[in-house]
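Visitor: I would like to learn how to read a few features of a protein model. Please show me the structure first.

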Amino acid sequence: ITARVETRRGSPVNALLDLQEEAALLVVGTGRKGALEEFILGSTSLGVAAHSHTPVAVINPGVDLTSLTHGRVGVAVDGSVDSVRAARAALAYAALTDSSVTALTTWYLEMVGGYVVTEPDSPEWVQLETERTAMVEATLAPARVRHPEVEVSVEVRRGPIVPTIKQAAADWDAIVVGSRGLGGVQGRLLGSVSQRLMRSAPCPVIVARAG
């Protein structure tokens with residue numbers, strides 16, 4: 001591996017964004033700032049992830065890099081255009097690293113026929129899981145065409161989205177997410193799920209904002 005060291009004067013966010021055209025992936029760390037402090041001050045990790053068109057890997061201080069030996073990449077899927085981009089990035093990354101991919105979608109408080117679904121193996125539960133599995137498969141389809149050599153599995157889990165993803169990520173070397181941000185203040189260009197995972201996930205979080 002060849003490493004190049006550069007020292008630049010100016011904004012660290014802008015300095016890193018200047019490199020995105022020649023990079024396949026930008027990698028940043030993140031400190032122990034709280035949500036309010038990040039909202040007021042911003043941060044390098046949020047700024048880069050919010051504005052880069054190149055995928056950005058964010059590694060929080062709690063990640064044990066020596067444990068990332070599972071050979072599996074996770075991607076969070078919700079059926080949006082952002083999920084399609086994330087799936088494409090996840091399979092491309094897996095192809096480069098000889099990894100497999102787990103595509104995960106979650107559900108929690110869902111209603112069928114006017115009732116909240118709580119009973120496992122009930123017809124309503126099976127219906128929800130079947131629908132979500134089909135959604136994940138449709139989201140993965142374009143990426144599978146590009147990378148048919150990558151092994152992909154689909155998981156549908158019930159539970160609050162961030163804790164559920166973090167639990168699954170204990171067996172992953174990276175999580176790939178899209179961005180559900182709606183614009184506005186820097187740092188809020190990213191969706192809340194992406195931000196919460198960036199601060200606390202047990203493995204690197206790769207944010208894929210563009211195709």
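Visitor: What do the buried residues of H5 pack against?

Guide: They pack against helix H4 (81–97), S4, strand S5 (111–112) and strand S7 (152–158), where contact means heavy atoms within 4.5 Å. Helices (H or I, at least four residues) and strands (E, at least two) are DSSP runs, numbered from the N terminus. This is a predicted model: local features need pLDDT of at least 70, side-chain atom pairs count only at pLDDT 80 or more, and totals for chains, interfaces and linings use all residues. Residues are numbered from 1 along each chain as its sequence is written, and side-chain values use heavy atoms, leaving out hydrogens and water.

Visitor: Which residues of H5 are buried?

Guide: An α-helix has 3.6 residues a turn, so residues three or four places apart point the same way. In H5, the buried ones are Trp 125, Leu 128, Arg 132, Val 136, Thr 139, Leu 140 and Ala 143. Buried means under 20% relative accessible area, exposed over 50%, partly exposed in between (1.4 Å probe, protein chains only).

Visitor: How is an aromatic pair described?

Guide: By the distance of the ring centres and the angle of the planes. Rings of Phe, Tyr and Trp (its six-membered ring) pair if their centres lie within 6.5 Å; planes under 30 degrees apart count as stacked, over 60 as edge-to-face and the rest as tilted. The whole structure has 1 such pair. The centres of Trp 107 and Trp 125 are 4.9 Å apart with planes at 80°, so the pair is edge-to-face. Trp 107 belongs to strand S4 (residues 100–107) and Trp 125 to helix H5 (residues 123–146), 18 residues apart. Both Trp 107 and Trp 125 are buried.

Visitor: Where does Pro 61 lie?

Guide: Pro 61 is in the loop between strand S2 (56–59) and strand S3 (72–76). At 48% relative accessibility, Pro 61 counts as partly exposed.
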